[in-house]
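Please keep the 3D view open while you read.

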Amino acid sequence: MGDPTPRHCGAGHRLTASPPMAPEAPDADALERGRLLFAAPCEFVAGAATEDAIPGDTLPEVAFAGRSNVGKSSLINALTGRRTLARVSHTPGRTQQLNFFTLAGRLMLVDLPGYGFAQAAKRDVARWTSLVRRYLAGRASLRRVLLLIDSRHGIKEPDRPIMTMLDEAAVSYQIALTKADKLPQKELGERLAAIERELKRHVAAHPEIHLTSAEDGSGIAALRASLAALAAPPPPR
Ligand SMILES: Nc1nc2c(ncn2[C@@H]2O[C@H](COP(=O)(O)OP(=O)(O)OP(=O)(O)O)[C@@H](O)[C@H]2O)c(=O)[nH]1
Ligand SMILES: [Mg+2]
């Protein structure tokens with residue numbers, strides 16, 4: 001059993017709450033491990049629009065899930081320090097396949113197609129949903145799903161089916177709030193408290209919430225450190 005106390009990470013935000021809400025900042029060694037891992041080469045491996053095209057699961061894997069336009073591709077770019085690794089767009093629904101990236105041969109990052117895009121054709125939505133669901137529920141190497149939530153909006157109705165599905169499939173997931181640069185500081189505490197309340201009802205949800213901004217870099221170093229703990233060990237020299 002993990003520690004059920006909710007925590008928040010995010011270097012750019014100072015929380016003034018009482019001890020149970022205090023951020024657990026990663027220590028210097030963890031930050032350095034994260035920095036080193038994410039400074040290593042990251043390469044595109046495959047884009048899968050069908051189940052057959054999904055590459056073999058040889059590495060620990062972290063998938064980035066969330067509504068269309070929430071900032072999945074931008075967060076992958078911010079973590080890896082590359083502007084154009086994952087394709088960012090101004091039109092929602094741009095990432096239409098599962099994109100796999102290998103980081104230093106130690107961790108696979110997976111950019112998932114977004115859900116909840118109102119203008120998408122029904123047939124496409126059904127196809128993506130079934131592909132993403134089968135991937136999420138059946139991927140043995142999947143160590144964590146980062147479920148991205150826009151910090152301005154919080155958890156919305158389209159996010160709930162995926163949370164329930166991950167609970168049922170016993171796939172560990174963690175909320176990462178995106179676009180923290182756009183959230184007025186005074187609203188942060190309320191937003192976090194509401195999400196914490198909701199997470200208590202979800203058995204597979206990690207209690208720690210990451211606060212991130214791909215724009216100003218806040219929370220990125222802490223998230224790197226957290227993800228580095230899931231990576232395969234570096235090869236012996
Ligand atoms: N201000 C701000 N804008 C952001 C941030 N992250 C992403 N954006 C913007 O949000 C828009 C969508 O970003 P994407 O990274 O393409 O979002 P996505 O979740 O990959 O979208 P889909 O692939 O369509 O599902 C782009 O215009 C980004 O520049 C952030 O941290 N802060
Ligand atoms: Mg995308």
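1. Start with two terms. Two strands pair if DSSP finds at least two bridges between them. Helices (H or I, at least four residues) and strands (E, at least two) are DSSP runs, numbered from the N terminus. With that in hand, look at strand β4: leucine 103 there is the bridge partner of cysteine 42.

2. A word on the source. This is a predicted model, in which local features need pLDDT of at least 70 and side-chain atom pairs count only at pLDDT 80 or more, while totals for chains, interfaces and linings use all residues. Residues are numbered from 1 along each chain as its sequence is written, and chains are lettered from A and ligands numbered from 1 in the order in which they are written.

3. The overall plan. The protein has six helices and eight strands. Along the sequence they follow the pattern β-α-β-β-α-β-β-α-β-α-β-α-β-α. Two residues are in contact if their C-beta atoms, placed from the backbone, lie within 7 Å. Take the contacts with a separation of 6 or more: 77% of them come from residues 24 or more positions apart.

4. Burial. A residue is buried if 20 or more other C-beta atoms lie within 10 Å of its own, exposed if 12 or fewer, and partly exposed in between; the C-beta atoms are placed from the backbone. By that count, 41% of the 237 residues are buried.

5. Strand β4 and its neighbours. Five of the six residues of β4 are buried, so the strand is largely enclosed by the rest of the structure. Strand β2 (residues 42-48) is joined to β4 by six bridges, and the two run antiparallel. β4 is also antiparallel to β5, with five bridges between them. One pairing to find is phenylalanine 100 with valine 110 in β5.

6. How many residues lie between β4 and β5 in their hairpin? There are three. Alanine 104 sits in this loop, between β4 (98-103) and β5 (107-111). Its phi is positive, near 55 degrees. Most residues other than glycine have a negative phi. Is alanine 104 buried or partly exposed? Alanine 104 is partly exposed, because 19 other C-beta atoms lie within 10 Å.

7. Another positive phi. Asparagine 69 is not a glycine, yet its phi is about 80 degrees. Asparagine 69 lies in the loop between β3 (61-66) and α2 (72-80). This residue counts as buried, because it has 22 C-beta neighbours inside 10 Å.

8. Strands β7 and β8. Strand β7 (residues 173-178) and β8 run parallel and are joined by two bridges. Alanine 176 has histidine 210 of β8 as its bridge partner. Helix α5 (residues 185-199) belongs with these strands: β7, α5 and β8 make a right-handed β-α-β unit. Right-handed means that, with the strands pointing away from the viewer, the path from the first strand over the helix to the second runs clockwise.

9. Both sides of β8. Strand β8 (residues 208-211) is covered on both faces. Glu208 and His210 are buried on one side, and Ile209 and Leu211 on the other. Isoleucine 209 is buried because it has 24 other C-beta atoms within 10 Å. Its C-alpha atom is 9.9 Å from that of leucine 199, ten residues away along the chain.

10. Alanine 180 lies between β7 and α5. It counts as buried because it has 25 C-beta neighbours inside 10 Å. The C-alpha atoms of alanine 180 and arginine 152 are separated by 7.7 Å, although these residues are 28 apart along the chain.

11. Two packed helices. Helix α1 (residues 28-39) and helix α6 (residues 220-228) pack at about 85 degrees, with their axes 7 Å apart. The contact includes Leu31 and Phe38 of α1, and Ala221 and Leu227 of α6. By class, it has eight nonpolar, one polar and three charged residues. (Ala, Val, Leu, Ile, Met, Phe, Trp, Tyr, Cys and Pro count as nonpolar, Asp, Glu, Lys and Arg as charged, and the others, Gly among them, as polar. Axes are lines fitted to C-alpha atoms, for helices over the stretch in contact, and angles run from 0 to 180 degrees between N-to-C directions.)

12. Finally, helix α6. Nine of its nine residues are buried, so α6 is largely enclosed by the rest of the structure. Among them are Ile220, Arg224 and Ser226.
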